[in-house]
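Subject: Structure handover

Hello,

Here is the structure we talked about. Please open it first, then read my notes below.

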Amino acid sequence: MRARSRVRFGALLTAAAALASALMPVANASAREDAPRTAVLDGERLQRTKLRLQHGDPQLKRSVRDVTTRADAWLGQGPWTVVDKPKPAPGGDVHDYLSQAPYWWPTRAPTADNPWGCPYEQRDGQRNPEVDTGTDRQDVEKVFDATYDLTLAWYYTGKKRYAEKAASVLRTWFLAPATKMNPNLDHAQFIPCKYDGRAIGIIDFSQSYTSVVDAIAILGTGAPGWSKSDRSAMTKWNRDFLGWLVDSDFGKQEGAAQNNHGTFYDMQVAALAYATGDTALARRTVLDARARRIDPQIAGDGGQPQELARTRSWHYSTFDLVAYTRLAAIGRNVGVDLWSHQGPDAQSLFKAVGYLLPAATGAARWPHPELEFHRFAASDVVHAAADAGDPAARRAVPKLETPPGGDLWALRPAAEQLDSIAG
């Protein structure tokens, strides 16, 4: 009996050793690779997800197919540059970023002496096509989206063509001397012959640029085509841009905004501070958001009065919560639990997400004005609340509407604005 037991035990040891040997290359590869030092995304969670994918998780394989479909579409596009717009920014420097207020139109035909056709007049709700063809706005959004999609595709597949394309996009827009963008937004959302730029134009970057900050961190784990000098130069650009955000008059005005502009400003500052090594500024920004943002901007019932007053109240309510939930994710890196904060009227991020749940799950109509309702716009922020431990959000997740292009939460667990942000 004992001999047979020893034989069976020996066989078990042999089988265990064989299994360990089979898993060793993947486990060792994971151990050798550092987790990305991402600001918003959880780098260690990305690393675990990658390991699950390597072990054949079927759901993740489907999600990766969705990501690579997006990335493949970018391979034949770009790179884009800030210097190729038809007319430079008002200061005359082609390296300055330029975007235009969407609802302002020229009143005269352009001439050599009056190339913009000034003066401009407002036509509310009518989008001037110059916004898309005469400025950098659409190109920079392509830079942001392409960089993120390509980087995620490289990280999860290891295919170098994705990393090399992402690196080319970043170098062309931010680093190459002939094509780089100056690290300021002095001329964002300008109105020709009226304002050379406006503080609210900072949201052109704050609504999406933190995804690029995370992509840079992911590429920094060893992406082909993204060199040490590229990493250093990009860190310097981000540090200079952060300095402009903190010190410029426009930055200070945007930081004082009491709606989604202020929330996105804080989120962008905190992410850039963390990415460039200023952990103290990142932590202070997240801490200050409790009394500065949540308490005055979220009501006791979870509604966001500033956003509910808009004609696109659903869009802006989900939009603001994209910034809040991403700011809370940055807080995780600097020892601040923003989800646990409750204001004097019991305001909290959980309540703000809870306010959206009936409409997000299809259980009730959205009771406020909305010109273009898309139920899926709330999907990511509900995922974020569920991950943070909210039972109601967890129950809601299976009832969410899948966004166009698939639900990518498992691969990039940080909220994005899933409906249109044009305008």
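A salt bridge here is a side-chain nitrogen of Lys or Arg within 4 Å of a carboxyl oxygen of Asp or Glu. This is a predicted model, so local features need pLDDT of at least 70 and side-chain atom pairs count only at pLDDT 80 or more, while totals for chains, interfaces and linings use all residues. Residues are numbered from 1 along each chain as its sequence is written, and side-chain values use heavy atoms, with hydrogens and water left out.

**Salt bridges**

The structure holds 15 salt bridges. One of them pairs the side chains of R123 and E121, at 3.2 Å from N to O. How accessible are these partners? For that I use relative accessible area: buried is under 20%, exposed is over 50%, and partly exposed is in between (1.4 Å probe, protein chains only). R123 is partly exposed at 28%. E121 is partly exposed too, at 35%.

Another salt bridge links D57 and R52 through their side chains, at 2.8 Å from N to O. D57 is buried, with a relative accessible area of 19%. R52 is partly exposed at 40%.

The side chains of R412 and E416 also form a salt bridge, at 3.0 Å from N to O. Both of these residues are buried. Elsewhere, R137, E141 and D204 belong to one network, joined by salt bridges that share partners.

**The disulfide**

A disulfide is a covalent bond between the sulfur atoms of two cysteines. The rule used here is a pair of cysteine sulfur atoms within 2.5 Å. By this rule there is 1 disulfide. C118 is joined to C193, with 1.7 Å from S to S. The link of C118 and C193 is right-handed, with 80° about the S-S bond.

C118 is buried, at 7% relative accessible area. C193, in contrast, is exposed at 61%.

**Nonpolar cores**

A nonpolar core is a set of buried Ala, Val, Leu, Ile, Met, Phe, Trp, Tyr and Cys residues joined through side-chain atoms within 4.5 Å. The largest one has 110 residues. Within this core, F174, F205 and Y209 touch the most other members. Contact means heavy atoms within 4.5 Å. Leaving aside neighbours within four places in sequence, Y209 is in contact with residues including F144, F174, M234 and W237. A second, separate core has 9 residues, among them A89, A101, W104 and C118.

**Y324**

Where is Y324? Y324 is in helix α14 (residues 313–333). Y324 is buried, with a relative accessible area of 0%. Not counting residues up to four places away in sequence, Y324 touches T263, R293, I294, Q297, I298, Q304, L338 and L349. With R293 there is a further detail: the backbone oxygen of R293 lies 3.2 Å from a polar atom of the Y324 side chain. A378 is 54 residues from Y324 in sequence, and the two are 13 Å apart in space, C-alpha to C-alpha.

Best wishes

Definitions and conventions. Helices (H or I, at least four residues) and strands (E, at least two) are DSSP runs, numbered from the N terminus. A polar contact is a pair of N or O atoms within 3.5 Å; within protein, one must be able to donate a hydrogen and the other to accept it, and residues adjacent in sequence count only if both atoms are side-chain atoms.
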